[in-house]
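Please keep the sequence and the model in view while reading.

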Amino acid sequence: MRSMTGFSEANLDKDGIQFKCFVKSLNSRFIEVNIRLPNSLKKHEGWIRDLIKKNFARGKIDFDLHYTSPPKEHLKLSDNFLKLVKQNENKAKTKGIKLADLTYLDLLKLRDSIQSEYVLSESSLKSLVKESLSNLQKNCIEDGSSTKKDVKKLLVKMSKSITKVEKMEKQNITHVEQKFKRLKKEFEIKNKEINMNEIISSFSKADINEEIVRFKSHLELVTKLAESKDSIGKKMDFYSQEMLREVNTLTTKAMIVEIKNEAVELKCLIEKMKEHAQNVE
């Protein structure tokens with residue numbers, strides 16, 4: 001079970017440039033991917049988007065990559081940079097081009113303009129992206145493990161609750177029988193005046209066995225889902241709706257207050273599970 005909520009950060013230092021990759025994931029019914037890249041790396045957006053969709057089934061995922069010089073490098077001019085400037089300056093002079101002397105501030109501006117279009121190699125970029133996505137997956141799995149524990153507790157409580165309802169099933173039918181006998185006695189109804197279709201209909205409406213069987217079946221399926229490593233959020237949400245539908249029908253058919261009270265407890269547990277279903281992938 002993996003949560004849809006997570007955050008990760010990955011860093012890479014290359015040629016005095018510090019690359020930072022931030023990935024944030026939030027809840028969403030579908031997969032939504034937003035990617036922000038420097039202009040020099042925008043051509044890689046396609047395969048980054050595909051890689052994200054390959055590793056995540058649901059969630060709103062924001063991918064942000066930027067780079068900057070470390071603080072200690074802000075005022076530093078590397079030997080390679082100065083050597084390159086000197087070589088190009090000498091080359092310009094051989095062409096008869098007169099150049100004004102560059103100030104320290106001019107050199108800093110020149111360095112920053114070059115770095116603003118820094119192109120990271122595809123292999124290094126892939127390594128950084130994969131690391132950031134791997135960290136996000138680990139974060140989501142850790143968050144999902146706590147959700148899984150709570151879901152399993154809810155399932156155990158549901159199982160106990162529906163078992164109580166099952167034990168009261170006969171009592172529910174008996175209540176209808178007693179009610180019928182009481183009404184017959186009060187109104188002095190003779191057997192030949194009894195409408196058998198209405199009696200059968202009354203007993204049928206009080207029969208909650210079908211709802212109990214279906215609820216237990218859904219409960220078993222969700223229990224198996226909780227142990228699955230696949231994407232389960234949508235399935236869990238679907239079964240939660242089905243379980244709620246069975247409990248609503250059961251509430252309507254319940255003739256004794258004990259079953260109605262237990263049904264309310266089941267509804268509360270199902271609502272909690274639905275909330276978890278909205279938060280897992």
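## Terms and basis of the report

Contact here means that heavy atoms lie within 4.5 Å. The model is predicted, so local features need pLDDT of at least 70 and side-chain atom pairs count only at pLDDT 80 or more, while totals for chains, interfaces and linings use all residues. Residues are numbered from 1 along each chain as its sequence is written, and side-chain values use heavy atoms, with hydrogens and water left out.

## The nonpolar cores

A nonpolar core is a set of buried Ala, Val, Leu, Ile, Met, Phe, Trp, Tyr and Cys residues joined through side-chain atoms within 4.5 Å. Buried means under 20% relative accessible area, exposed means over 50%, and partly exposed lies in between (1.4 Å probe, protein chains only). In the largest core, which has 32 residues, the members that touch the most others are M158, F215, M243, L250, I259 and M273. At least two residues of this core come from each of helix 4 (122-167), helix 7 (209-226), helix 8 (233-253) and helix 9 (257-277). Helix 9 gives the largest share, 7 residues. Helices (H or I, at least four residues) and strands (E, at least two) are DSSP runs, numbered from the N terminus.

Which residues is M273 in contact with, leaving aside its neighbours within four places in sequence? They are L154, L155, M158, V222, M236, S240 and M243. Another core, of 24 residues, lies apart from the largest one; I17, L51, L120 and L125 are among its members.

Helix 2 comprises 16 residues, 79-94. Its buried residues are F81, V85, E89 and A92. These residues lie on the same side of helix 2 because they cover an arc of only 70° around the axis (taken from the directions from the helix axis to the C-beta atoms). On the other side, D79, N80, K83, K91 and T94 are exposed. Just after helix 2, G96 has a positive phi of about 85°.

## Aromatic rings

Rings of Phe, Tyr and Trp (its six-membered ring) pair if their centres lie within 6.5 Å; planes under 30 degrees apart count as stacked, over 60 as edge-to-face and the rest as tilted. The model has 3 aromatic pairs by this rule. In one of them, F19 and Y67 are tilted, with 4.9 Å centre to centre and 50° between the planes. This pair links strand 2 (residues 17-26), which holds F19, to strand 4 (residues 59-68), which holds Y67; the two are 48 residues apart. Both F19 and Y67 are buried.

Definitions and conventions. Expected span 1.5 Å × (residues − 1).
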